Amino acid sequence: MAVHEHQGPVGQDARFNEYVVPELEVLYRVAYSITRNKADAEDLVQDTLLRAYRAVERFDGRYPRAWLLTIMRNAQINRVRRKRPELMHDPDETMARMADESADAADAETQIIDQTLAAPIENALNSLPEKFRSVVELVDINELSYKEAADALGIPVGTVMSRLHRARRNIRQHLELSSIEDE
Amino acid sequence: MATKKTNCREVARRLQSYLDGELDSDRMEQIKAHLDACVDCGLEYDVFAAIKTDLSALTAPAESDALARLREFSSRISEEANSAP
Ligand SMILES: [Zn+2]
């Protein structure tokens, strides 16, 4: 019988509390960067928590955040696949498109507020195409490492770097232009 | 004197990674030495450091309602895992 190989619910719960619960806030923020929608973000985190709970007994305890971000990435692919099976050829592309779509409604709503209240830096950030903006959000706002951002987005670290660097150059340009327009 | 070895082009190439603390400590020190000594690279660094600082101040206030619900969900995770499909 394999019963004794399992740590049972107590060990599983303890490991979940040790490795997963401390990352809740990061998970939610990253989920929001990926989905750009509060309800979707919450759903995605719940999905991630369930998957993590089931897998936590096999987790070796190293780099819990990277492990969780990979789980979240897989959960997101699954959600997208369920909603839009025809778009599954390129998960990266699909995620970006999904994010774009769900962003539309939120954007329309927040843009009015943004235009009056947002700092120039926020306008610059919002002007970026989604795949650049999400890298900036993960690294600069949510303070993920390059590796963690790569795990969350399912792209190589080199791609994180090139998108991030290009995004920052764009932001800089945007800020320089807007400061000229203001004068 | 900053090392001439770490030249401006190389610094430009690694500036973003330096800014994010994503280089090994030797490389971090070499670049820091160059930035302290080279006005052009130093200014370039200041611009991007200011952008990064401004961006990090945008921290979306983590939604406390959503987080509270997720904490609650976590506290009954074993039941949730058993009832979920
Ligand atoms: Zn220089």
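In this predicted model, the zinc ion is held by four protein donors from chain B: the SG atoms of Cys8(B), Cys38(B) and Cys41(B), together with NE2 of His34(B). Their distances from the metal run from 2.1 to 2.3 Å.

What is the arrangement of the donor atoms around the zinc ion? The angles that the 4 donor atoms subtend lie between 103 and 112 degrees, and the arrangement is therefore tetrahedral. Read along the sequence, the spacing of the donor residues is C-x25-H-x3-C-x2-C. Of these residues, I would mention that both His34(B) and Cys38(B) are buried.

Is Glu10(B) buried or exposed? Its relative accessible area is 18%, and because the cut-off for burial is under 20%, Glu10(B) counts as buried. The side chain of Glu10(B) has a polar partner: it contacts the side chain of Arg27(B) at 3.1 Å.

Finally, chain A. Helix H2(A), residues 24-35, and helix H4(A), residues 64-83, have axes that come within 11 Å of each other and cross at roughly 35 degrees. The crossing of H2(A) past H4(A) is right-handed. Which residues meet there? On the H2(A) side they are Val26(A), Leu27(A), Val30(A), Ala31(A), Ile34(A) and Thr35(A). From H4(A), their counterparts are Arg65(A), Leu68(A), Leu69(A), Met72(A) and Gln76(A).

Thank you for your attention.

Methods
Residues numbered from 1 in each chain as written. Chains lettered and ligands numbered in written order. Predicted model: local features only at pLDDT ≥ 70, side-chain atom pairs only at ≥ 80, totals over all residues. Heavy atoms only, no water. Donors = N, O, S within 2.8 Å, 3.2 Å for Na, K, Ca; no water. Tetrahedral: all angles 85-135°; square planar, octahedral: opposite > 155°, others 65-115°. Buried < 20%, exposed > 50% of the residue type's maximum accessible area, 1.4 Å probe, protein only. Polar contact = N/O pair within 3.5 Å; in protein donor to acceptor, adjacent residues only side chain to side chain. Axes fitted to C-alpha atoms, helices over the stretch in contact; angles between N-to-C directions. Helix = DSSP H or I, 4+ residues; strand = E, 2+ residues; numbered from the N terminus. Left-handed = near helix turned anticlockwise from the far one by under 90°. Contact = heavy atoms within 4.5 Å.
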